[in-house]
Amino acid sequence: MSNDILVNIEHIRGEVAEISYVMCAAAHQLSQATGGEVYGVLLGSGAENLAKGLAADKILYVDDPRVANFTSEAYQQTLQNILNEHEPRAMLFGHTSIGMEIANILSAKTGLPLISSCLYFSNGSSPKFTSLLYGGKILAQGELPSTTCLITMVPGGYKPEDGHSSKESTVLNTAPPIFDESRMSLVKYIEPDSSDVDIASEPLLIAIGRGIQLEDNIEIAEELAEAIGGIVCASRPVVDQGWLPTSRLVGKSGFRVKPKVYLALGISGAPEHVEGITGSEIIIAVNTDPAAPIFNIAKYGVVEDIFDLIPALTEKLSES
Ligand SMILES: Cc1cc2nc3c(=O)[nH]c(=O)nc-3n(C[C@H](O)[C@H](O)[C@H](O)COP(=O)(O)OP(=O)(O)OC[C@H]3O[C@@H](n4cnc5c(N)ncnc54)[C@H](O)[C@@H]3O)c2cc1C
């Protein structure tokens with residue numbers, strides 16, 4: 001086993017996913033403890049340019065049309081080959097739909113241990129990980145196993161900027177495996193409804209979560225949005241109830257937003273929600289629970305009942 005850290009570089013439609021930069025930043029910290037190098041593992045077809053800007057010492061690049069788009073079948077075969085050859089200390093995956101799917105399959109196929117929902121690492125005499133359990137309500141700490149391990153990373157523990165580098169990494173072209181006959185292929189991307197406002201490009205978002213309690217209560221958030229010049233969006237429970245359309249959903253299964261201000265009202269800050277808001281300039285969270293994980297990533301936090309705060313804020317803003 002080497003001391004190197006491998007990072008699965010996630011990309012979709014020609015763009016490197018933000019979690020890949022978060023993982024590069026995490027991998028650098030982990031590599032300081034293990035004494036190895038950081039390798040970005042990039043699978044694609046004609047996608048070598050995606051290696052630019054990644055903070056990795058080296059890039060293992062597999063150029064093959066069968067891995068042009070993600071399918072767990074082709075990725076599993078390719079990554080298993082790379083794991084066998086390199087025997088890294090650890091390989092990082094995004095705790096995303098893609099990362100979770102492939103890391104689970106690889107763990108089952110290889111028998112390698114899988115650490116899920118890792119937020120950050122700490123370096124001591126031996127490297128430790130801290131993972132989120134129960135949607136972020138519990139932080140669990142453990143030592144990295146002594147064998148190669150697979151780790152899925154949630155956003156929030158490292159800044160994506162720290163995973164960028166202007167220094168060019170050495171790209172090592174890596175042969176694809178001899179693929180088994182393929183049964184999976186990408187058919188099409190299903191785009192979300194675009195007839196509503198595009199929350200991904202709105203500068204001021206008023207986000208409501210389960211704390212809003214009833215559909216009728218959304219009105220107070222709408223009033224605040226009107227007073228402040230923002231747009232109402234939501235976490236998944238609100239959308240699952242059918243109280244707001246999917247075009248207003250923020251997070252893993254919704255939109256990644258990047259407003260100047262994201263006001264999170266009655267939202268706990270589960271990893272699947274946080275994944276969609278890390279690009280926000282300023283996150284302000286209001287929650288009655290001082291231990292709500294959203295406060296870990298919020299710049300400003302208010303421990304308050306939203307039913308007291310929202311009307312008071314709307315009134316104040318309407319005066320000015
Ligand atoms: C595969 C998968 C994909 C997912 N995709 C998404 C996604 O895209 N987006 C998403 O949001 N979720 C997603 N989820 C769900 C996610 O795991 C959480 O369940 C969800 O984000 C929780 O929403 P919430 O914070 O509104 O609710 P909760 O976690 O129930 O939190 C409600 C919060 O409101 C606070 N609160 C209650 N009353 C008040 C009050 N009066 N005043 C102030 N605070 C109050 C509580 O303290 C609590 O912190 C996904 C889950 C899975 C498994």
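The report below treats salt bridges, then surface patches, and finally the cysteines.

The model discussed here is predicted.

## Salt bridges

Side chains of opposite charge can pair when their charged atoms come close. In this structure, 8 salt bridges are found.

| Salt bridge | Distance, N to O |
|---|---|
| Asp240 and Arg236 | 3.3 Å |
| Lys252 and Glu275 | 3.0 Å |
| Arg256 and Glu275 | 2.9 Å |

Asp240 is exposed, because its relative accessibility of 55% is over the 50% cut-off. Arg236, with a relative accessible area of 47%, is partly exposed.

The side chain of Lys252 meets that of Glu275 in a salt bridge. This pair links distant parts of the chain, 23 residues apart. Lys252 is placed in the loop between H5 and strand S14 (261-265), whereas Glu275 is placed in the loop between helix H6 (271-274) and strand S15 (282-287).

Arg256 counts as partly exposed, at 43% relative accessibility. Through salt bridges that share partners, Lys252, Arg256 and Glu275 are joined into one network.

## Surface patches

Which residues gather in a patch of negative charge on the surface? They are Glu215, Asp216, Glu219, Glu222, Glu223 and Glu226. One of these residues, Glu215, lies in the loop between strand S12 (204-208) and helix H4 (218-228). The relative accessible area of Glu215 is 43%, and the residue is therefore partly exposed.

A patch of another kind is nonpolar and covers about 240 Å² of the surface. Ile12, Leu186 and Tyr189 make up this nonpolar patch. Leu186 is found in the loop between strand S11 (170-173) and S12. With 37% relative accessibility, Leu186 counts as partly exposed.

## Cysteines

How many disulfides does a search of the whole structure find? The search finds 0. Cys118 and Cys149 illustrate this result. For Cys118, the closest cysteine sulfur is that of Cys149, at 9.3 Å. For Cys149, in turn, the closest cysteine sulfur is that of Cys118, at 9.3 Å. A disulfide requires two cysteine sulfur atoms within 2.5 Å, so the sulfur of Cys118 is too far from that of Cys149 for a bond. Cys118 counts as buried, at 0% relative accessibility. Cys149 likewise counts as buried, at 0% relative accessibility.

Key. Residues numbered from 1 in each chain as written. Predicted model: local features only at pLDDT ≥ 70, side-chain atom pairs only at ≥ 80, totals over all residues. Heavy atoms only, no water. Patch = residues over 30% accessible without salt bridge, like charges linked within 9 Å, V, L, I, M, F, W, Y side chains within 5 Å. Areas by Shrake-Rupley, 256 points an atom, 1.4 Å probe, with all protein chains shown as cover. Salt bridge = Lys/Arg side-chain N within 4 Å of Asp/Glu carboxyl O. Lys, Arg positive; Asp, Glu negative; His and termini not counted. Charge placed at Lys NZ, Arg CZ, Asp CG, Glu CD. Helix = DSSP H or I, 4+ residues; strand = E, 2+ residues; numbered from the N terminus. Buried < 20%, exposed > 50% of the residue type's maximum accessible area, 1.4 Å probe, protein only.
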